[in-house]
Amino acid sequence: MPVIEIAGKPVNVNEEGFLTVPSEWNEEIAKVLASQIGVELTPRHWEVIKFLREDFEKEGESATSRHTQTAGGFPIKEQFELFPKKPAKKMSYIAGLPKPKGCV
Amino acid sequence: MRKIVILGAGTAGTLVANKLAKKLALNEWKIQIVDSDDRHIYQPGLLLLPFGVYGPKEVVKSRKHFLPKAVEFIINQIDRVDAQNSQVLLSDGRILDYDYLVIATGTTPRPDQTPGMLDEKVWRKSIFDFYTFEGSTALHAALKDFTQGRLVVQVCEMPIKCPVAPLEFAFLADAYFEERKVRQNIEITYVTPLEGPFTKPVCSKQLNYMFVDREIVLESDFVIERIDPESKTLVSMDEREIPFDLLVTVPVNMGGEYIARSGLGDELNYVAVDKETFLSKKYPNIFSLGDASDAPASKAGSVAHFAIDVFAENFLDYVQGLPMTGKFDGHANCFIESGHGKGLLIDFNYQVEPLTGQFPLPVIGPFPLLKESRINHLGKLAFRWIYWNLLIRGRFIPIPSKMSMTGKHQVQQEQVQKGVDSHASN
C-alpha cells in the first residue's frame, strides 16, 4: 500500500486513497481529505466525524448509516445533505476509517 | 444435569445441536432446541426456486428429521430471554432454564421497514422478496408471466443474508429471459446502497464485465426511503426515483424481535459477540451463531458451518473453565450462480478478500476462483445434497474451517506512490 503525505504527515492509504491506519488520522488530514472531495466542513460535519471516530474506537468497525442515525442522532436524510450522494463512503473517507464493504 | 438451550433450528442451530450431541456426555447434559415451526428451509434453494430449478420438496423438510434423538425439540414462539436469571420465556408461559444459551434464530427480511413496500396494491403482485418460501414461490409464478418491462433487483440495506444472492438473481434473470427469448423486451436494473455491485478491489477488477456484458443497468449508493405504490417507483433518501414493473427486493434484514425485547440486540437486533469465539459481549453464558450475531462475517451458511466447527471445540474447553483457544477467521466459501449453467466460487475471510486462482478439493476439485465456469455451477447443485445429508447433520466435509491461501493468487503489493485520488467523489 502506498504511503503519501497529507497535511505534512506521511500516512498509509489504499489504492482508493482511504487511510488504512486509523490512528494516523488527525483533524488537519480530515480538512485536506474533505476539500479533495468537495466537502466544506461545518461544525455539524465535525460532530458527525467525531461520532464516527469515537464509535470506531469502541466497536472496531465503521458505523453504518443506520448506526450513525440511531446511535449518533444524525438522520440518514441529513447525512445525505452533509455528504451529498455517497454519505457512507464520504464520511468514512474523511474520518480516516475503512469504507463500507460488501463481501465481493 | 447441565442444560443447553438453542434458540433456532435452522442451519446454525441444527448444526450446533448435532455437534454438541456428539461431543458432550448426554448423561450429564440436557439439550433443548426451540423453533416456531417444523419447516427447515434449504435457503440457497430459495434463489433457484423462482427459476423453476427446484420445486418446494427439494427446499423444505422437517426440522425434527435433522435433529439428534437425544435433543428435545420444542415448537413454540420465544417471548424473551431473561439473561440475568438464565431463562428463556416461551409465549405459552413455559420457562426454560439454561446453563448455556445459543442464539441462532438468524435474520429475517422485514418489508415492513420500508414505507409503501407492503401496500396491498403491490406486495407480492409487483414487488417480491425471494428469501422467504412464500416470496420465492410467488415470484416463480410472476416471472413466468413477465415478458416485457422494467425488472428492478434492489437491496435495501446491508447487512443481508447471503450478500451475493441479489447479484446471482440479476444474472439468473438475465439468462432466464434470454432463454425465453424475451430479454430484448426487458430492462434489468440493479440497485444497491453500496458504491457498486462489487466493492472489493480484486472482485471489481475481475467481475465488473459481468454487468457490462449482460447490459444490466446499475444504480449505486441508492438508500431507499420509500416506495410509491401508485406509480410503482422507488424513492431514495436523496430524492432519486426508479420506476419498476417488477421489483425483486431484498428488504431490510433484522434479527428476531425477541432479541430486542430481551435487551440483547443492536439497532438491527443482532447480538453483540466476539467475532472469533461468538461469546456474547454482555453475558458469559450466551453464544450467538449463524446470521443472528453482529460478527462482521458474511451472513451465509458456509460461515455458520466453519464458525460452528471452531465453536464446538472451544465449547468443550469453556465449560470446564478453560480458555477458548480456537479463533474463527471469518472464513466464507460461496458459489455464485451466473446463469446459463455457470457459476463462480469465492473463498475469503476477515483479512483476505476474494482472490483469483484455484480452490483445491480432493477428487472433484479444483474449482476455479472468481471465474465463471461449469464446474462451479455443478458444485452449487451438488451442495444441496451435501447440505441435507452431511452439513447440517454435523458430518465431515473436507473443507477446513480455517481459510487456506493454497491455490490463491496473491495481490501484487503496489509500491508506486500514488496521490490521494478522488474516488470517494466519483
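Student: What covers the buried residues of α2(A)?
Tutor: The cover includes α1 (27-36), α3 (65-70), α4 and α5 of chain A. Helices (H or I, at least four residues) and strands (E, at least two) are DSSP runs, numbered from the N terminus. Two residues are in contact if their C-beta atoms, placed from the backbone, lie within 7 Å.

Student: How is the numbering set, and what kind of model is it?
Tutor: Residues are numbered from 1 along each chain as its sequence is written, while chains are lettered from A and ligands numbered from 1 in the order in which they are written. This is a predicted model, in which local features need pLDDT of at least 70 and side-chain atom pairs count only at pLDDT 80 or more, whereas totals for chains, interfaces and linings use all residues.

Student: Back to the helix. Which residues of α2(A) are buried?
Tutor: A:Val48, A:Ile49 and A:Leu52 are buried in α2(A). A residue is buried if 20 or more other C-beta atoms lie within 10 Å of its own, exposed if 12 or fewer, and partly exposed in between, with C-beta atoms placed from the backbone.

Student: Why do they line one face of the helix?
Tutor: Seen down the axis of α2(A), the buried residues fall within an arc of 95°, so they line one face. The arc is that of the directions from the helix axis to the C-beta atoms. On the other side of α2(A), the exposed residues are A:Pro43, A:Trp46, A:Glu57 and A:Lys58.

Student: What span does α2 of chain A reach?
Tutor: Helix α2 covers residues 43-59, which is 17 residues, and reaches 24 Å from its first C-alpha to its last, close to the 24 Å expected at 1.5 Å a residue. The expected span is 1.5 Å times one less than the number of residues in the helix. Just after α2(A), A:Gly60 takes a positive phi of about 75°.

Student: And the rest of chain A: how do its elements run?
Tutor: Chain A has five helices and two strands, in the order β-β-α-α-α-α-α from the N terminus on. Buried residues make up 39% of its 104 residues.

Student: Why does its radius of gyration agree with a compact globule?
Tutor: A compact globule of 104 residues would have a radius of gyration near 13 Å, and chain A has 13 Å, so the two agree. The radius is taken over C-alpha atoms, and the globule rule is 2.2 Å times the number of residues to the power 0.38. The C-alpha trace of chain A spans about 35 × 30 × 25 Å along its principal axes.

Student: Which residues have a positive phi without being glycine?
Tutor: A:Lys85 has a phi near 70°, and B:Phe278 likewise has a phi near 70°. Most residues other than glycine have a negative phi, and most peptide bonds are trans.

Student: Are these two buried or partly exposed?
Tutor: A:Lys85, in the loop between α4 (76-82) and α5 (87-94) of chain A, counts as partly exposed because it has 14 C-beta neighbours inside 10 Å. B:Phe278, in the loop between α8 (257-261) and β20 (286-288) of chain B, counts as buried because it has 28 such neighbours inside 10 Å.

Student: Where is the cis peptide bond?
Tutor: A cis bond joins B:Met158 and B:Pro159, with omega about 0°. B:Pro159 is placed in the loop between β12 (149-155) and α5 (165-179) of chain B.

Student: New topic: which residues have the most contacts inside the largest nonpolar core?
Tutor: They are B:Ile6, B:Val16, B:Val102, B:Leu289 and B:Ala307, in a core of 130 residues. A nonpolar core is a set of buried Ala, Val, Leu, Ile, Met, Phe, Trp, Tyr and Cys residues joined through C-beta atoms within 7 Å. Another core lies apart from it, with 23 residues, among them A:Ile37, A:Leu52, A:Phe83 and A:Leu97.

Student: Finally, how many residues of chain B are in contact with chain A?
Tutor: 32 residues of chain B are in contact with 30 residues of chain A. The side of chain B that touches chain A divides into 16 nonpolar, seven polar and nine charged residues. Here Ala, Val, Leu, Ile, Met, Phe, Trp, Tyr, Cys and Pro count as nonpolar, Asp, Glu, Lys and Arg as charged, and the others, Gly among them, as polar.
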